[in-house]
Amino acid sequence: MIRLPDACGVLREYTPRTEPAVPAAGSPPPASRTVFSAAHVVADPFADVTPDGPAAVDWDATLAFRRHLWSHGLGVAEAMDTAQRGMGLDWAAAAELIRRSAAEAAACRGRIACGVGTDQLTGPAASLGEVRTAYEEQLAVVEEAGARAIMMASRAMAALARGPEDYLELYGHLLRQASEPVILHWLGPMFDPALTGYWGSEDLDAATETFLAVVAEHPDKVDGVKISLLDAGREVALRRRLPDGVRCYTGDDFNYPELIAGEDPAAGGRFSHALLGVFDPLAPLAAEAVRVLDTGNAAGFRKLLDPTVELSRHLFQAPTRYYKTGVVFLAWLAGHQEHFAMVGGAQSARSLPHLARAYELADSLGLFPDPALAEARMRHLLAVYGVAA
């Protein structure tokens, strides 16, 4: 038994699992869906840094976690918001992360795509030309590393753009010069409030039209679109309008099982691929579920993945942008790193009751390879907060 605090601060007893329920590594990648896990970074806990200073990364542990994802057949979406991009991870560290991870992917024959943004602009940009130059610099880093580019939303662009025409011009320029098709990423304001009004309007219907216009003008330069709006109906409507050959990658951490499973063949049979932050802690189980879907067994896929949604919704509850704290916490409990420290000090962003519930939900799913280790680490954390054994 272990005593865990609930949302009201009341301690209650929970009986941890004794056996894991996650598949072993070594299976081939899923075939019917392209699946990326956005991956977190492991901080260097011994670095003498401040929350607003340069990020200090434990490169060995960070790359080891990427090998874990590849070993289960998932692709890695690198240097995204799950890696605390712009929220603790500065551009200098992100560029080094891209180079190191891309080299590791080549050695492991792992799939990788990397975020391209404008976060080297640490102050307000003076012009859209400055934003474009920043995007170009980062695109060059990703392409030189041999990775696919994920064109991320830009806070600087959101602050400067006057309307849809500015987005059409900027993205058109970037897509024309990209050497390979890119993934366009629409990250909603629930993940980053500074992106409110992206694509030229706070009206999501109007913003969707601009977004789709960018894709329609350059379908040969768009591998796919990644939608992170936490609105399943909007994603379904959008993916029905994508040009042939352009994938929809769900970024909906609330509704991913139904979106990946897809529509009934009578309704067109459209489905979403995946680029998800929650697949960081769910990697073994998520990969196994999609391999079941490969066989045509949609019911079996849902049986495996549906029970994970409660954990995901808990991790991504408002303020959604702090979901990274739960992701790193679960990686520590699972034994993927030796500490619960984060760049920017973000380990403090969630309460003890929130973390306790995350532990309980993950443990009930059998996500921890060593349940006894997870329980011992949870007890250590409880002790730090003053919970007696």
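Which residues have the most contacts inside the largest nonpolar core? They are Leu184, Tyr198, Phe279, Phe329, Tyr359 and Met378, in a core of 119 residues. This is a predicted model, where local features need pLDDT of at least 70, side-chain atom pairs count only at pLDDT 80 or more, and totals for chains, interfaces and linings use all residues. Residues are numbered from 1 along each chain as its sequence is written, and side-chain values use heavy atoms, with hydrogens and water left out.

**Core**
- A nonpolar core is a set of buried Ala, Val, Leu, Ile, Met, Phe, Trp, Tyr and Cys residues joined through side-chain atoms within 4.5 Å; buried means under 20% relative accessible area (1.4 Å probe, protein chains only).
- In the largest nonpolar core, of 119 residues, helix α9 (residues 279-294) gives the most, with nine residues; helices are DSSP runs of H or I, at least four residues, numbered from the N terminus.
- Another core, of 10 residues, lies apart from the largest one and includes Phe36, Met80, Met152 and Leu275.
- Leu184 touches residues including Met151, Tyr171, Phe211 and Val222, leaving out those up to four places away in sequence; contact means heavy atoms within 4.5 Å.

**Fold**
- The protein chain has 14 helices and 10 strands, a strand being a DSSP run of E, at least two residues.
- Along its principal axes, the C-alpha trace of the protein chain spans about 60 × 55 × 45 Å.
- Of the 389 residues in the protein chain, 56% are buried.

**Surface**
- Carbon and sulfur atoms hold 51% of the accessible surface of the protein chain, which comes to about 15,400 Å² (Shrake-Rupley method, 1.4 Å probe).

Methods:
Buried < 20%, exposed > 50% of the residue type's maximum accessible area, 1.4 Å probe, protein only.
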